[in-house]
Amino acid sequence: MPEMTLDRIRGLVGTEVGVSDWISVDQERITHFAEVTEDRQFIHVDPAAAAATPFGGTVAHGFLTLSLLSRMSADVSLRPQGTVMGVNYGLEKVRFLAPVRAGKRVRGRFTLLGVEDRAPGQYLFRHQVTVDIEDEAKPALIAEWLGLLFTQGETE
């Protein structure tokens, strides 16, 4: 997304500001995440054993789905003029609502909840993010995500 004035961004509070592209969550991605995090529970890495569960096959780690928010936000991020960087500031609320089965695709829907001035050139952005699972009614997760953006120069 192009850079915008803070006034224009603040005018978007309460609205859905973007929907990311779809991201594939295939077994290879799930297995790599299991190795990196050392969370090798069978529901993530053993298709035969996972097939006997109510999931009917392997599922992504909730934290894998959550970690994809960074990639999803790259498609829809609002940036004040003069932005030099943004950092993850944390999460207020996270709920994992439905499993993401191996082979599915997910995308993020971002609603801007607020923009708070923290210090000169620092702005705390608060988004509600809903992660949709392709062809499923229930989302994978809903989170309230905080990002701190740093700017230089004129931003109003």
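Student: Which residue forms a salt bridge with Arg126, and how far apart are the closest N and O atoms?

Tutor: Good place to begin! Side chains of opposite charge can pair when their charged atoms come close. In this predicted model, Arg126 pairs with Glu92, and their closest N and O atoms are 3.6 Å apart. The two residues join distant parts of the chain, with Arg126 in strand E7 and Glu92 in strand E5, 34 residues apart.

Student: Is Arg126 buried or partly exposed?

Tutor: Arg126 counts as partly exposed because its relative accessibility is 24%, and buried means under 20%. Glu92 is partly exposed too, at 47%.

Student: How many salt bridges does a search of the whole structure find?

Tutor: The search finds 13. Among them is the one between Asp117 and Arg10, at 2.1 Å from N to O. Asp117 sits in strand E6 and Arg10 in helix H1, so this pair ties together parts that are 107 residues apart in sequence. Another salt bridge joins Arg40 and Glu35, at 3.1 Å.

Student: Which residues are linked in a network of salt bridges?

Tutor: Glu16, Arg107, Arg109 and Asp132 are linked in that way.

Student: Let's go back to strand E7. Is His127 buried or exposed?

Tutor: His127, which has its place in strand E7, is buried, because its relative accessibility is 13%. Leaving out residues up to four places away in sequence, His127 touches several others, including Val17, Phe110, Leu112 and Trp145.

Student: How far is the C-alpha atom of His127 from that of Gln41?

Tutor: Those C-alpha atoms are separated by 31 Å, and the two residues are 86 residues apart along the chain.

Terms used
Residues are numbered from 1 along each chain as its sequence is written. This is a predicted model: local features need pLDDT of at least 70, side-chain atom pairs count only at pLDDT 80 or more; totals for chains, interfaces and linings use all residues. Side-chain values use heavy atoms; hydrogens and water are left out. Helices (H or I, at least four residues) and strands (E, at least two) are DSSP runs, numbered from the N terminus. Buried means under 20% relative accessible area, exposed over 50%, partly exposed in between (1.4 Å probe, protein chains only). Contact means heavy atoms within 4.5 Å. A salt bridge is a side-chain nitrogen of Lys or Arg within 4 Å of a carboxyl oxygen of Asp or Glu.
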